[in-house]
Amino acid sequence: MISFLLDLGASPNMVDLKGRSPAMRAAEFGHTQALTLLTEADTDLTIRDIEEKGILFYCIQPTKRHLECLQIALKHGASVNYVSRDGQPLLLVAAEAGLDSIVAALLIAGADPNGVHAKHWPDVPSCCICCWKRSLCQGKSWRLGLIVMLWTVKTNIQHTGQTSGVKWVQIILQRAAFNGHFEVIRVLAAYGADLGKVALDGNTSLHYAAQQGFGPICKFLAQRASCESSGQSHLARRSHKVSVDGTSDRYCIYAGCPSMLKNKEGKTPRLLAKDNEHKDALKECRKAEKQSAKLAKGGSRTGEPYAIRVSDHVV
């Protein structure tokens, strides 16, 4: 039917009321043959829907057919670094869902493993105007609109201490650690993700893994830390040189999480594991703290980093 319609002159780039193209709908349901026919008809894979999501967002599903659709779209020029209207990166969606094969395919295609999803507080002028218009459109008085406007400004300042700024940040690796996706973390680490990245609340990936009780993830992250002093991480990272586009660059492979770093509540990963009664995570965090204290005094690391695979050495 698709070939018949294309032969009659149907455009493969028409979109519905939500901005979705035929290729997006084919990818959403995993129809690889339909997507192949559309790509052969020179469909535009850079089209984005009303939420600013590209075709690859519709491939984030846990089936082989969706992985094949992803590879077809990547082969024909779909971008891996698109973000949605609310600033959510494509790789974050795949990592949060625990789809390690799709995460690996995106990283191979050039996705940024250290991307973040930042939510900003609105600027006061634009926020005030929106609140005022909303109140008037709902038939409310201008006095009530003024009250809503002032309350919004007050709430904004209470949360941030200023009239605009970042509300919260989601880091790809931390979301994978929070949801317990070990294989995703291993793939991200192999492609240069910063394991010691700190969020706005002072938490690292190790904090989230300890809080949720994922002992193997705690072990994987903690054993890649090298040295800490006074609560600050000084990571001596194992790295190797690779050639990217003909130039030489360094990618840190064992950039571990600082095991003694405190978040804004003054809690280390060990304390979070203890508070939530996660024995396996607590055991690994204790080992990591002892290892960090030993390294800080000039000692040597005991044992090899946990769960090393061939993919850990390949970028």
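Leaving aside its neighbours within four places in sequence, which residues is Thr268 in contact with?

Analyst: The model is predicted, so local features need pLDDT of at least 70 and side-chain atom pairs count only at pLDDT 80 or more, while totals for chains, interfaces and linings use all residues. Residues are numbered from 1 along each chain as its sequence is written, and side-chain values use heavy atoms, with hydrogens and water left out.

Apart from neighbours within four places in sequence, Thr268 is in contact with His207, Ser259, Met260, Leu261, Lys262 and Glu289. Contact here means heavy atoms within 4.5 Å. Thr268 itself sits in the loop between β6 (247-252) and α13 (269-275). Helices (H or I, at least four residues) and strands (E, at least two) are DSSP runs, numbered from the N terminus. Thr268 counts as buried because its relative accessibility is 7%. The classes are buried for under 20% relative accessible area, exposed for over 50%, and partly exposed in between, with a 1.4 Å probe and protein chains only.

Glu277 lies in the loop between α13 and α14 (279-296). Glu277 counts as exposed, at 68% relative accessibility. The phi of Glu277 is near 60°, a positive value in a residue other than glycine. Asp42 likewise has a positive phi near 60° without being a glycine. Asp42 is placed in the loop between α3 and α4 and is exposed, with a relative accessible area of 63%.

The setting is the protein chain as a whole. The protein chain contains 14 helices and six strands, and buried residues account for 42% of its 315 residues. Of the contacts between residues at least 6 apart in sequence, 70% join residues at least 24 apart. The accessible surface of the protein chain is about 16,900 Å², and carbon and sulfur atoms supply 54% of that area. Accessible areas come from the Shrake-Rupley method with a 1.4 Å probe; for residues, only the protein chains shown count as cover.

Helix α4 shows how buried residues are covered elsewhere. Helix α4 (residues 64-75) has twelve residues and spans 16 Å from its first C-alpha to its last, close to the 16 Å expected at 1.5 Å a residue. The expected span is 1.5 Å times one less than the number of residues. The buried residues of α4 are His66, Leu67, Cys69, Leu70, Ile72 and Ala73. Their cover includes α2 (22-28), α3 (32-40) and α6 (100-108). After α4 comes Gly77, with a positive phi near 100°.

Part of that cover falls within an annotated span. The end C-alpha atoms of residues 18-50 are 6 Å apart, and the span is 48% helix and 0% strand. In helix α2, Arg25 is partly exposed, with a relative accessible area of 30%.

Charged pairs complete the picture. The whole structure holds nine salt bridges, a salt bridge being a side-chain nitrogen of Lys or Arg within 4 Å of a carboxyl oxygen of Asp or Glu. One of them joins Arg186 to Glu183, with the closest N and O atoms 2.7 Å apart. Arg186 and Glu183 are separated by about one helical turn because they are three residues apart in helix α10 (residues 182-190). An α-helix has 3.6 residues a turn, so residues three or four places apart point the same way. Arg186 is buried, with a relative accessible area of 8%, whereas Glu183 is partly exposed at 31%. Salt bridges that share partners join Arg48, Glu52 and Arg85 into one network. Another salt bridge brings together the side chains of Lys53 and Glu51 at 3.4 Å, N to O.
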